[in-house]
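Thank you all for making time this morning.

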Amino acid sequence: MILGIDIGGSTTKITGFRDNKIISPMMVRATDPISSVYGAFGKFINTNRLQLSDISRVMVTGVGSSYLNERIYNIPTGKVEEFYAIGMGGLFLSGLSKAVVVSMGTGTAFVRAEKNGNVKHLGGTGVGGGTLLGLSNRMLNIRHFEDLVEMAGNGNLENVDLFIKDITREQIIGLPPDLTASNFGKISDLATRNDIALGIINLVFQTIGVMSIFAARIDGTEDIVLTGNLTNVPHSHNIFDGLSKIHHEKFHIPEHAEYATALGAAIACASDGRYTEI
């Protein structure tokens, strides 16, 4: 079995890869990258009742992988460039041969990937999960991701966002009346905390969605694969579905999307892709 580990800024994800299948993906939280690697490794081994001898190789990626300078438990260990891992993992999970893969983490990265291993970083935006938590902390005094999502469940965007129907009575071809014209452009004194929570989520995901579409158009690609922790936000699916209705590009959120980068690191080894030995 090959292990893929994505060492992020706030979470570390690990998954097994064997016989062309993803195995037992899981996540740990830790602020120290080295501690999180060994914590994730130990959790995976214990949960799956494995021995060190069952692991043929460990592949690491992510911003925290720069702190790792030696093999993990003397198992052959490789380091994979993060954008390459994002692209390969996104393609594998979606079953596509070519796509723009979007990694939604603390910030957001846009990667063009092809099954033959041709991967290119198209760009990125600082709008992401960090934006969600930063705005919710400042505006709502909410510091936990789950609390923000729960609060947004009863929100009403009519009290926060300015829609096309608010600024014109005429039908504009290609622009539905309930399409956002300005995020937070109509925030009311009567807006509740629930409304604001939903407005924050809508702002972040609409920004990511539209930038994903622009990246795909520049690249001449119609398929967009969404990955990362933010794919678990229930509201995101409705927002991306809404964008799909007015644009030609197609959004895909595959199963285990939050583990795409960790999986891509393992695939880099299994497919003789790009990586360096530690």
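This is a predicted model: local features need pLDDT of at least 70, side-chain atom pairs count only at pLDDT 80 or more; totals for chains, interfaces and linings use all residues.

Residues are numbered from 1 along each chain as its sequence is written, and side-chain values use heavy atoms, with hydrogens and water left out. When I speak of helices and strands, I mean DSSP runs numbered from the N terminus, helices being H or I with at least four residues and strands being E with at least two.

Staying in that region, strand β7, residues 108-114, is joined to β8 by six bridges, and the two run antiparallel. Phe-110 stands opposite Gly-123 in β8, and in the hairpin of β7 and β8, which has four residues between the strands, Gly-117 takes a positive phi near 95 degrees. On the other pairing of β7, seven bridges join it to β6, again in an antiparallel run, with Lys-98 opposite Glu-114 in β7 and a hairpin of three residues leading from β6 to β7. Is β7 mostly covered or mostly open? It is mostly covered, since six of its seven residues are buried, where buried means under 20% relative accessible area, exposed means over 50%, and partly exposed lies in between, using a 1.4 Å probe and protein chains only.

These strands belong to an open sheet of five, in the order β8-β7-β6-β11-β12, with mixed pairing; two strands are said to pair if DSSP finds at least two bridges between them. Its edge strands are β8, residues 119-125, and β12, residues 250-252, each pairing on one side only. Neighbouring strands of this sheet are turned by 25 degrees against each other on average, direction ignored.

Now to the helices that meet this sheet. Helix α2, residues 82-94, lies across β6, β7, β8 and β11, running at about 65 degrees to β7. Helix α6 also packs on the sheet, touching β6, β7, β8, β11 and β12, and its direction makes about 155 degrees with that of β6. Contact here means heavy atoms within 4.5 Å, and axes are lines fitted to C-alpha atoms, for helices over the stretch in contact, with angles running from 0 to 180 degrees between N-to-C directions.

How do the helices pack on one another? In general, two packed helices are described by the angle between their axes and the distance between the axes. Helix α3, residues 129-140, and helix α6, residues 193-219, pack at about 155 degrees with their axes 10 Å apart, and they are therefore roughly antiparallel; the cut-offs are under 35 degrees for roughly parallel, over 145 for roughly antiparallel, 65 to 115 for roughly perpendicular, and oblique for the rest. The residues that meet include Leu-132 and Leu-135 in α3, and Ile-196 and Ile-200 in α6. The residues of this contact divide into eleven nonpolar, two polar and one charged, with Ala, Val, Leu, Ile, Met, Phe, Trp, Tyr, Cys and Pro counted as nonpolar, Asp, Glu, Lys and Arg as charged, and the others, Gly among them, as polar.

The contact is made by Leu-132, Leu-133, Ser-136 and Leu-140 of α3 and Phe-145, Leu-148 and Met-151 of α4.

Turning to the other sheet I want to show, six strands form an open sheet in the order β3-β2-β1-β4-β5-β13, with mixed pairing. β3 (21-29) and β13 (276-277) stand at the edges with a single partner strand each, so one side of each is left without a neighbour in the sheet. Strand β1, residues 2-7, pairs with strand β2, residues 11-18, in the antiparallel sense over six bridges, and Ile-2 stands opposite Phe-17 in β2. Helix α1, residues 33-47, lies across β1, β2, β3 and β4, running at about 135 degrees to β3.

I will finish with Pro-177, which is found in the loop between α5 and β10, and which counts as partly exposed at 38% relative accessibility.
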